[in-house]
Amino acid sequence: MKPAENFLQQQLDRRQEHGLLRKLNHSKAPIDFCSNDYLGFARSEQLKQLIHEEIAQIEGVKNGATGSRLLSGNDPYTEATEHSLADFYGAAAGLIFNSGYDANIGLLSSIPQRGDTIILDELIHASLIDGARLSHAERYKFKHNDVADLEKKLQSAKGLIYVVVESVYSMDGDQAPLQSISELCLRYQANLIVDEAHAVGIFGKQGKGLIDHFQLHGQIFARIVTFGKALGTHGAIVLGSNTLRNYLINFARSFIYTTAAPLSHIVAVQCAHRLMAIGKESEILLQKINLYQQLANDLMPSDSAIQTILYHNNSSAKQAAQKLQQQGFDVRAILSPTVPTGSERLRICLHSYNTDNEIIALVNHLKTS
Ligand SMILES: Cc1ncc(COP(=O)(O)O)c(C=O)c1O
């Protein structure tokens, strides 16, 4: 084996020894408590039809975008979608990225400069950590949702300050204390960045998320909405000022140096928003969350679509997931290093299309296994 291949194999063997080897697999368990398709849009025939009709109305739709947005890959429909989504979410402007990951690394790698400070919640998503790592700014973490600890970090921060949180945390399903954090940011003149990946579609009027729910639009520097969760499609938009949009077009490398999404994809995002705004699926999802909360009240349920059962080590979490999968429930274990050691868990995602009986059966299994 060549030395490089040898190195790769050693790393894989080490993961295997610790029970941490990641593998791609196809779930055979039919009852979905795993995907981020909270509103069922990825499988919605209604959405498929809407997309089909919309595409039929646009002349000359190409199969691919043919280039970066700054070269041949821009399209009036994409810009119109950015305008309409910015309007919908109550922001001045928006810029679409090919994924939430791209949006977050583009944003954090390009804006904070050497001498500036980025302060992130300790449970922030990997895409925001990676973005911050690519920046030359100082980087600190504050204790999860701990406003007093955030204030301590703010007191010693230098340069322009960026505070980065999720409105609903992807692994725990809990909410950030957004009002207190935004007041603190105002006091310390820090710029607040909020990732709404797991809030949109669930919280706020028409699923607009928690910034809209708390009417914090004016206090946010940048907001990220991803399309691959409740919206059932793919991609993301960064919302903020026109200046922010222009800056990202000029400096965010994950926006500049990549082929734009195909138009069919932007159409899907536009149509998914129309469907979400009607609100039927969000209403049903809230009923399902409510049911889970009532049944699982001793399992510390969250208010969001993400529910967590902690097992504190990889093997117990894996075993619990396997047992549930054998019963037909697609529930996955989230292991370290994806979550901190000691907080290994089952991550249960609730959906508008989970039946009441499925939820009742799941909770029964959770309580008895
Ligand atoms: C909070 C959060 N932000 C960003 C992302 C990345 O979004 P995408 O899947 O569109 O790349 C995710 C996805 O896991 C997420 O949970």
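Tutor: Residues are numbered from 1 along each chain as its sequence is written. The model is predicted, with local features needing pLDDT of at least 70 and side-chain atom pairs counting only at pLDDT 80 or more, whereas totals for chains, interfaces and linings use all residues.

Student: Which elements give two or more residues to the side of domain 1 that touches domain 2?

Tutor: Contact requires C-beta atoms, placed from the backbone, within 7 Å; 20 residues of domain 1 are in contact with 22 residues of domain 2. Helices (H or I, at least four residues) and strands (E, at least two) are DSSP runs, numbered from the N terminus. On the side of domain 1, the elements giving two or more residues are α12 and β9 (306–310).

Student: How is α12 oriented relative to α14?

Tutor: Axes are lines fitted to C-alpha atoms, for helices over the stretch in contact, and angles run from 0 to 180 degrees between N-to-C directions. The axes of α12 (residues 280–295) and α14 (residues 356–368) come within 10 Å and cross at roughly 30°. Angles under 35 degrees count as roughly parallel, over 145 as roughly antiparallel, 65 to 115 as roughly perpendicular and the rest as oblique. Relative to α14, α12 is therefore roughly parallel.

Student: Which residues of α14 do Lys288, Leu291, Tyr292 and Leu295 in α12 meet?

Tutor: The classes are nonpolar (Ala, Val, Leu, Ile, Met, Phe, Trp, Tyr, Cys and Pro), charged (Asp, Glu, Lys and Arg) and polar (the others, Gly among them). Those four residues of α12 meet, in α14, Asp356, Ile359, Ile360 and Val363. The contact of α12 with α14 divides into six nonpolar, no polar and two charged residues, and the α14 partners are Asp356, Ile359, Ile360 and Val363.

Student: Is α2 parallel or oblique to α11?

Tutor: The axes of α2 (residues 45–57) and α11 (residues 263–278) come within 9 Å and cross at roughly 125°. That angle therefore makes the relation of α2 to α11 oblique.

Student: How many nonpolar, polar and charged residues has the shell around the ligand?

Tutor: Of the 13 residues around the ligand, Ser99, Gly100, Tyr101, Ser170 and Ala197 come nearest. Helix α4 (residues 100–110) gives the most to the shell, with three residues. By class, the shell has three nonpolar, eight polar and two charged residues.

Student: What is omega for the cis peptide bond that joins Ser336 and Pro337?

Tutor: Pro337 is found in the loop between β11 (332–334) and β12 (345–349). For the cis bond joining Ser336 and Pro337, omega is about 15°.

Student: What is the positive phi of Asn145?

Tutor: Asn145 lies in the loop between β4 (138–142) and α6. Although Asn145 is not a glycine, its phi is positive, at about 60°.

Note on methods:
A residue is near a molecule or strand if its C-beta atom, placed from the backbone, lies within 6 Å of it. Two residues are in contact if their C-beta atoms, placed from the backbone, lie within 7 Å.
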